[in-house]
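Here are some notes for your first reading of this model. Please keep the sequence and the 3D view open beside them, and check each point as you go.

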Amino acid sequence: MTRTDNSRKQVLVLGATGGIGGETARRLRDNGWRVVALHRRPPDTGAGHDGITWLRGDAMNSDDVRRAAQGCGVIVHGVNPPGYRRWGELVLPMIDNTIAAAIAGRATIVLPGTVYNYGPDAFPLLDEDAPQHPLTRKGGIRVELERRLYAATGQGARAIVVRAGDFFGPRAANNWFSQGLIAPGRAVKRINQPGDRGVGHQWCFLPDMANTIAALLDRGNSLAPFATFHMGGHWDADGTQMASAISRVVARHGGQPALRTFPWWLVRLASPLAPTLRELLEMRYLWRRPVRLDNRRLTALLGSEPHTPLDQAVEETLAGLGCLPSG
């Protein structure tokens, strides 16, 4: 019997009100898991009518995380500082608390990963074994985070890392799609294009990632103690296809959005006064060079990668963000 069977088919999701945490919590709930979520201000769900058990607590508090993880065979670490703020202070202490709880409960940690780990020496096509020599501070933190996960597998925990491109989805407001390309909560009048024309960019539809995580967890302990996978997601080969998909979807709803270049000059001008903008500026290199994830390891295991067609994914995202007419 694997750790994720029967009585161990209980999961703690950290970051369940966020994009990837929320999508994964709902997918696992629908797949028959008992889902526990930890949050400083749990939503009022009417005694758990959403099928999720909400507990009050803080991912920065080790005792809170350990208490919430009791009885859980899996911990989904989907929590991040919002808007890149205080990354250096918060990211590693939060993963340390998750690791401590996983070691105590001999649980599997699931980490939604990024391409931040990699530097130009590994570009443009990244497999799971590519060298990790990042040039940015956030990349260095990501490398250290995964190093600590790997070390934890020698102390009774297990880990699954699923790396993907930039997230977008119907309930995710803290990402490049919803904050850089469009403006959530209003009709799409213009679409910003952050990348240089002709430069490919990697995207990931969050419901697809949640389905991928669920499928990997179905494999139980047949995976390596430290297992890493890359998602192919949606590859925008020339940097214009995502904007074109948004335009097509909006046009079907009667709109005619204008395309414009993302105002990097304004970000640079304002960055000395705004920490979030400084962090965005640090990651601009991902819009200037093509960085693509090789998903052959994932498809070899699962047979295929969960994949929603681009226009459908964009329409669901725009509808969820309140950018399409409700009628």
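1. A residue is called buried when its relative accessible area is under 20%. With that cut-off, and bearing in mind that the model is predicted, the buried residues of helix α7 are Met242, Ala243, Ala245, Ile246, Ser247, Val249 and Val250.

2. The length of α7 can be checked by simple reasoning: the helix has twelve residues, 241-252, and at 1.5 Å a residue these should span 16 Å, while the C-alpha atoms at its ends lie 17 Å apart, which agrees. Just after this helix, Gly254 takes a positive phi of about 90°.

3. In helix α12, which runs over residues 310-320, the buried residues are Ala313, Val314, Thr317 and Leu318. An α-helix has 3.6 residues a turn, so residues three or four places apart point the same way.

4. What covers the buried residues of α12? The cover includes strands β8 (166-168), β10 (201-205) and β12 (234-236), together with helices α5 (176-181) and α7. Just after α12, Gly322 takes a positive phi of about 75°.

5. His234 deserves a separate look, and its place is in strand β12. Is His234 buried or exposed? Its relative accessible area is 8%, so His234 counts as buried. The side chain of His234 reaches the backbone oxygen of Thr308 at 2.9 Å, and the residues that His234 touches include Phe168, His201, Trp203, Asp208, Leu310 and Ala313.

Methods: Residues are numbered from 1 along each chain as its sequence is written. This is a predicted model: local features need pLDDT of at least 70, side-chain atom pairs count only at pLDDT 80 or more; totals for chains, interfaces and linings use all residues. Side-chain values use heavy atoms; hydrogens and water are left out. Helices (H or I, at least four residues) and strands (E, at least two) are DSSP runs, numbered from the N terminus. The expected span of a helix is 1.5 Å times one less than its number of residues. Buried means under 20% relative accessible area, exposed over 50%, partly exposed in between (1.4 Å probe, protein chains only). Contact means heavy atoms within 4.5 Å. A polar contact is a pair of N or O atoms within 3.5 Å; within protein, one must be able to donate a hydrogen and the other to accept it, and residues adjacent in sequence count only if both atoms are side-chain atoms.
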